[in-house]
Amino acid sequence: MISFTVNGRRVDVDVDPSTPLLWVLRENLGLTGTKYGCGMAQCGACTVHLDGQALRSCVAPVSRVAGRKVTTIEGLSPDLGHPLQRAWIAEDVPQCGYCQSGQLMSAAVLLREKPQPTDQDIDEAMTGNICRCGTYPRIRKAIHRAAEMMKGGAK
Amino acid sequence: MSASLLERREFLKFSLTASGGLLVGLYIPNGAKDAFARETSGTAFMPNAFVRIGNDERITVIVNHSEMGQGVYTSLPMLLAEELDADWNKVGFEPAPVDPKYNHPAFGMQMTGGSSSVWSGFEQFRNAGAAARAMLIAAAAEKWNADPATLRTDSGAVLDRNNRKLTYGQLAETAARMKPPEKVALKDPKTFKLIGKPKSRLDTPEKVNGKAIFGLDVKQPGMLTAVVARPPIFGAKLRSFDDSRTRSMPGVRRVVAVPSGVAVIADTFWQAKVARDALKVDWDEGAMASFNTAQMMQQFRERAQSPGKQVRHDGDPDGALASAAKKIEAVYEVPYVPHAMMEPLNCAVDLRSDSCEIWTGTQFQTVDRAAAAKVAALPDEKVKINTTYLGGGFGRRANPQSDFVVEAVHIAKAAGAPVKVVWTREDDMQGGFYRPAFVHAIAGGIDANGKALTFRSRIVGQSIMAGTMFATMMGLDKKGYDPASVEGLDDLPYDIPNIGVESHQAEINVPVQWWRSVGHSHTAFAKECFIDELAGVAGRDPYQFRRDLLQKQPRHLGVLDLAAQKAGWGKPLPEGRGRGIAVHASFESYAAQVAEVSVTDGLVRVHKLVCAIDCGRYVNPGIIAAQTEGAAIFAASAALFQELTFDGGRLQQTNFHTLPMMRMNECPEIETHIVENNEKSGGIGEPGVPCTAPAIANAVFAATGKRIRKLPIRMTEAV
């Protein structure tokens with residue numbers, strides 16, 4: 001049995017400890033917002049937070065998160081209220097939408113560490129996340145917009 | 001599916017090319033009677049197959065096209081809501097079940113592709129909205145005992161002359177008893193409140209909180225997961241397999257041979273995947289075991305030396321070559337490329353003795369249902385397909401053989417429980433159905449005045465249609481070539497007196513399929529690079545040279561001028577940078593792009609792409625811009641990075657580390673400029689693709705003096 005916290009809730013899972021966190025989240029815990037894209041930390045679709053840091057959950061054995069705090073897209077906000085979610089909606093970022101959970105989770109770490117990111121900061125933080133639909137220009141705009149919202153005092 | 005309907009697609013395409021205005025009558029679906037059959041359930045009012053109005057004021061638009069990122073869950077509801085005079089804030093959407101009444105009005109089957117959803121739904125969804133509106137008015141007239149002609153609608157309510165008001169929700173029950181109108185009048189476009197406006201996409205909220213359900217996310221009670229060991233070489237046959245280790249692995253329920261390989265069925269994906277990887281499979285490798293793409297391309301190049309099947313012949317292209325004042329020949333090459341949607345293929349099936357329920361992200365509902373029914377030995381009507389969100393499509397999820405659906409039904413037969421088949425990224429990339437590789441050998445000449453005199457193109461590559469149900473329908477045998485291999489060259493718009501287009505069809509046992517923009521994805525590259533080369537021979541500016549040759553093509557000229565002007569064509573650039581231009585029509589839309597690039601240490605950096613798009617009357621300009629940006633990035637990824645190669649019959653690329661995608665740090669600044677006009681709607685999902693590769697290649701020439709004739713662009717191989 002492995003115990004950890006997901007989106008503020010303690011969970012105990014009985015799985016092979018080498019199972020990647022991604023599949024435990026998706027199949028054992030029903031949190032399907034985190035996506036599978038490559039299985040080798042190449043595309044970022046599976047990005048979650050582990051104790052606040054971005055983690056590619058497709059290559060992280062669940063044993064690694066024992067006793068720690070995991071946040072998934074479902075835990076980013078309860079009500080679409082995170083500035084990034086609001087900015088994503090305002091810029092109409094998603095197309096197919098499949099990679100967007102990972103994009104948002106990567107962007108959330110960036111904004112916490114650099115509340116006013118430059119384009120270069122965005123390049124560095126977001127280059128691990130592939131979007132096949134080509135939403136990059138809108139992701140960039142949305143990150144800047146979210147940064148503006150946060151500067152303006154919004155949460 | 002009937003052959004005549006597919007032929008009509010051809011007819012539609014060609015009649016569109018010939019003249020713009022012929023089609024309106026054909027938009028009305030043959031099944032209009034069906035589609036307008038009144039359906040009611042509970043307190044909801046369902047005046048026709050495309051809309052349901054609840055007494056809670058919610059308006060649900062039933063969308064017969066799949067949402068794969070192109071925005072149909074927003075643009076098609078906008079069409080219906082416009083004529084319904086709905087309150088846009090109350091409008092939602094729902095994917096249509098599979099039913100003939102949801103067939104594509106032009107293609108005669110339920111499907112999404114060919115950049116056709118908006119133009120084919122333009123009248124269909126508006127008619128459905130207008131019919132519902134008429135019934136709501138009739139309901140209000142009955143309640144008020146008023147003349148319907150005195151009533152009007154606004155934002156989800158019927159009003160009378162005294163501004164007495166009944167909302168659509170209040171009228172839903174009564175409206176359900178009203179007779180559907182025989183005919184409806186549509187709004188004057190000048191009065192549109194939604195169509196043409198930048199409305200936010202309706203599917204965005206659930207795509208930013210993880211709630212959107214894609215095929216891979218489907219879970220049904222008791223559902224198992226299967227991962228399949230498929231042949232490592234196309235055409236290889238299963239000899240035997242050793243599952244002694246696999247069978248005893250945790251969670252494994254069954255290991256079964258199916259026509260596509262060996263399926264490992266387990267409780268979870270990870271268990272199935274680990275167990276699949278532990279399988280020992282012996283394959284009879286077959287004839288493709290010695291296949292390699294380097295040899296294939298060499299054979300293509302050799303074949304391009306001789307005349308092919310004639311596709312187009314204006315004047316005397318060969319004779320004019322002999323008499324040209326100056327001439328040039330060039331060979332262009334494009335590789336196999338995969339669709340590589342972010343969501344790998346998957347399909348979930350619950351097969352019972354008298355029913356089959358499927359959940360998948362598909363572009364091809366009618367074909368998939370028929371194929372599934374055949375495997376399940378059930379009538380089509382017993383097969384239900386739930387269309388989930390598609391994590392990208394790009395053509396791959398419209399498979400004429402329904403490969404990923406057929407396989408899943410076979411596995412469901414063996415599973416004895418609902419089962420979801422999941423392809424790993426490697427399975428997806430190695431699973432075939434790529435954009436075929438092509439060689440284009442083009443020769444051209446100019447006369448003594450520097451005017452283009454002749455253009456002769458020979459195209460060598462595999463047919464997408466050959467061997468599929470579409471071959472006869474598209475008239476392949478009759479023509480002797482595949483129209484999808486030559487589209488974009490067969491209608492070469494340049495005013496050149498001598499034009500030859502010839503096709504050589506290659507028979508290679510690598511499964512190929514339509515890939516975003518289909519034939520245009522390679523014909524535009526060859527054509528627009530060659531026109532640049534011809535301009536060079538003539539000593540002319542490539543933009544002006546095109547202008548002169550497009551004087552009779554106002555819409556080509558319109559986008560060309562717009563892109564050039566917005567990009568500041570001719571204005572000085574920083575040292576080391578170059579601009580390239582391309583123009584191309586596809587899917588009844590017109591596109592031009594200007595790329596600005598630099599090359600450092602052999603690496604091409606695209607700094608900026610300025611795109612002009614003329615897709616006629618559009619529904620949502622935000623989506624037009626998003627599709628144009630996305631198409632350019634999709635195309636730039638392929639032009640700069642992507643190539644599938646085979647050696648010893650095995651694909652050498654497996655995942656994103658060997659098949660790179662454009663990433664944030666490589667993404668250029670992109671500007672999109674939309675031409676405003678009132679032409680009939682064209683496509684938007686694909687027309688942004690074709691210009692990007694040649695615009696970048698031509699810009700590389702401007703920056704470095706090196707011609708690019710091969711994709712992906714590798715400076716070490718530049719001519």
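This is a predicted model: local features need pLDDT of at least 70, side-chain atom pairs count only at pLDDT 80 or more; totals for chains, interfaces and linings use all residues.

Visitor: Backbone first. Which residues does a cis peptide bond join?

Guide: That bond sits between B:Leu711 and B:Pro712, with omega about -5°. B:Pro712 belongs to the segment after helix H22 (692-704) of chain B. As background, most peptide bonds are trans.

Visitor: And what's phi like at B:Phe587?

Guide: It's near 50°, a positive value in a residue other than glycine. In general, most residues other than glycine have a negative phi. B:Phe587 lies in the loop between strand S23 (577-586) and strand S24 (589-600) of chain B.

Visitor: Is B:Phe587 buried or exposed?

Guide: B:Phe587 counts as buried, because it has 25 C-beta neighbours inside 10 Å and the cut-off for buried is 20 or more.

Visitor: OK, what about B:Asp601, what's its phi?

Guide: Phi there is also positive, near 50°. You'll find B:Asp601 in the loop between S24 and strand S25 (603-614) of chain B. B:Asp601 is exposed, since there are 5 other C-beta atoms within 10 Å and exposed means 12 or fewer.

Visitor: Switching topic: why is strand S16 of chain B called largely enclosed?

Guide: Because six of the six residues in S16 (residues 346-351) are buried. Both faces are covered: B:Asn346, B:Ala348 and B:Asp350 are buried on one side, and B:Cys347, B:Val349 and B:Leu351 are buried on the other.

Visitor: Which strands does S16(B) pair with?

Guide: One is strand S19 (residues 419-422) of chain B, antiparallel over four bridges. There, B:Asn346 stands opposite B:Val422. Strand S17 (residues 356-360) of chain B also runs antiparallel to S16(B), joined by four bridges, and B:Ala348 stands opposite B:Trp359.

Visitor: Last thing, the chain contact. How many residues does each chain put in?

Guide: Chain B gives 46 residues and chain A gives 43 residues. On the chain B side, the elements giving two or more residues are helix H7 (204-207), helix H9 (269-277) and helix H21 (621-641).

Visitor: Which of them has the largest share?

Guide: H21(B), with seven residues on the side that touches chain A.

Visitor: And what's the make-up of that side by class?

Guide: The chain B side has 23 nonpolar, 14 polar and nine charged residues.

Definitions and conventions: Residues are numbered from 1 along each chain as its sequence is written. Chains are lettered from A and ligands numbered from 1 in the order in which they are written. Two strands pair if DSSP finds at least two bridges between them. Two residues are in contact if their C-beta atoms, placed from the backbone, lie within 7 Å. Ala, Val, Leu, Ile, Met, Phe, Trp, Tyr, Cys and Pro count as nonpolar, Asp, Glu, Lys and Arg as charged, and the others, Gly among them, as polar.
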